[in-house]
Amino acid sequence: MAEVQELQLHIRAIEDLKVTADATPSSNDATTTNQPILPIYIRYKWWLLVALYTFFLIVGNTAGTLLGRLYFENGGNSKWLATLVQSAGFPLLLPFYLFLSSPNTPKTTPFTPKISPSLSTLAILYVSIGLLASGDNLMYSYGLVYLPVSTYSLLCSSQLAFNALFSFFLNSLKFTPYIVNSLVLLTISGALLAVSSESSASNSTGKYVIGFLCTIGASALFSLLLSLTQLAFEKILKKESVSAILEMQIFPAIVATCVCVVGIFASGEWRGLKQEMAGYKGGGVSYVMNLAWTAVSWQVFFIGSLGLIFEASSLFSNVIGTVSLPIIPILAVMLFHDKMDGVKVVSMLLAIWGFCSYVYQHYLDGSKLRTAIRNADAISDC
């Protein structure tokens with residue numbers, strides 16, 4: 001998707017410059033001079049945004065996962081509260097959204113048609129994504145509390161395989177040998193952990209199985225959400241702006257937060273929160289700071305994830321998320337004293353191999369894009 005969008009912008013820019021040249025003969029020299037500048041600017045701007053969103057995604061995912069596990073390690077026990085903080089940080093984004101949505105701020109690029117979906121369509125979209133996100137976050141919380149964080153993070157690599165499958169049906173992804181190789185390796189990586197009899201010292205084998213199944217289910221649901229989000233950007237929102245990314249995060253997060261608040265009261269967990277804070281290792285201040293920074297971390301992650309979906313594709317966003325795969329287990333060994341046994345090492349190596357296989361396919365796609373751009377430049381000079 002990213003390659004096609006970049007090529008389309010490049011060709012449209014060339015066509016617009018040619019139209020301007022035909023309409024204003026006296027400006028031919030200036031048009032000829034400026035013709036290569038716009039496409040180069042577009043390419044560098046795209047890479048800059050991708051780099052920024054990649055940084056947000058990796059930092060947010062790593063910090064959010066480790067802080068979430070720290071909450072349970074230090075005495076936290078509320079799964080609904082751990083789920084709530086994954087979406088409750090959305091007010092931090094409201095000032096940026098209001099600024100970017102002001103009348104003086106352009107909301108679309110010159111090449112984007114100003115088509116706005118109906119309020120009912122947007123309501124259905126945001127409520128549906130918010131409900132799915134709340135269920136997804138709850139399953140991730142169960143995975144974090146019942147699994148060592150290193151095992152949890154390795155299982156999350158299955159998102160890439162699920163996302164490729166959903167992208168094939170929803171986003172017209174074409175499978176290549178390198179993508180298939182990536183999916184097979186990631187499947188084997190997760191299977192190794194599935195047949196492992198490991199369980200943490202504090203959890204029974206039954207809870208380990210529940211955590212394993214919840215993490216796999218959450219990975220599948222998260223991948224579906226990414227593909228649906230990409231589809232929503234393409235078919236419903238049809239806006240090329242940062243405000244569109246913020247909308248896709250803020251409004252579903254409001255729905256997910258409301259669901260979690262209902263869950264806290266319906267489950268009765270709210271009765272034990274005061275006692276939980278009092279008994280938290282490090283005290284009440286540490287308890288509040290953990291939850292606050294966890295909320296901030298997940299908002300940073302989601303902005304990075306949505307930004308990469310917007311600029312590239314859901315699968316590309318998931319691939320970049322896999323970059324944090326070797327980071328989290330290593331930090332988990334240092335911070336939480338998780339065991340890094342032979343099964344985990346082999347699983348990690350297979351997952352990294354699968355990631356590199358997909359990245360190489362992306363490199364091949366980039367080479368084809370550069371060739372297509374050179375051909376477009378040659379045609380425009382004729």
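Visitor: What is Thr-65 in contact with, leaving aside its neighbours within four places in sequence?
Guide: In this predicted model, Thr-65 is in contact with Leu-144, Val-149, Tyr-152, Trp-298 and Ile-328. The cut-off for a contact is heavy atoms within 4.5 Å.

Visitor: Why is Thr-65 called buried?
Guide: Its relative accessible area is 2%, and buried means under 20%. Thr-65 is therefore buried. Its place is in helix 3, residues 37-73.

Visitor: How far apart are Thr-65 and Leu-144 in sequence and in space?
Guide: They are 79 residues apart in sequence, and their C-alpha atoms are 8.0 Å apart.

Visitor: Which residues touch the most other members of the largest nonpolar core?
Guide: Tyr-71, Phe-233 and Met-248 do, in a core of 66 residues. Helix 13 (residues 284-311) gives the largest share of this core, 11 residues. Another core, of 12 residues, lies apart from it and includes Leu-160, Val-319, Phe-355 and Tyr-358.

Visitor: How do you know that the span of helix 8 is close to the expected one?
Guide: Helix 8 (residues 158-170) has 13 residues and reaches 18 Å from its first C-alpha to its last. Just after helix 8, Ser-172 takes a positive phi of about 60°.

Definitions and conventions
Residues numbered from 1 in each chain as written. Predicted model: local features only at pLDDT ≥ 70, side-chain atom pairs only at ≥ 80, totals over all residues. Heavy atoms only, no water. Helix = DSSP H or I, 4+ residues; strand = E, 2+ residues; numbered from the N terminus. Buried < 20%, exposed > 50% of the residue type's maximum accessible area, 1.4 Å probe, protein only. Core = buried A, V, L, I, M, F, W, Y, C linked by side-chain atoms within 4.5 Å. Expected span 1.5 Å × (residues − 1).
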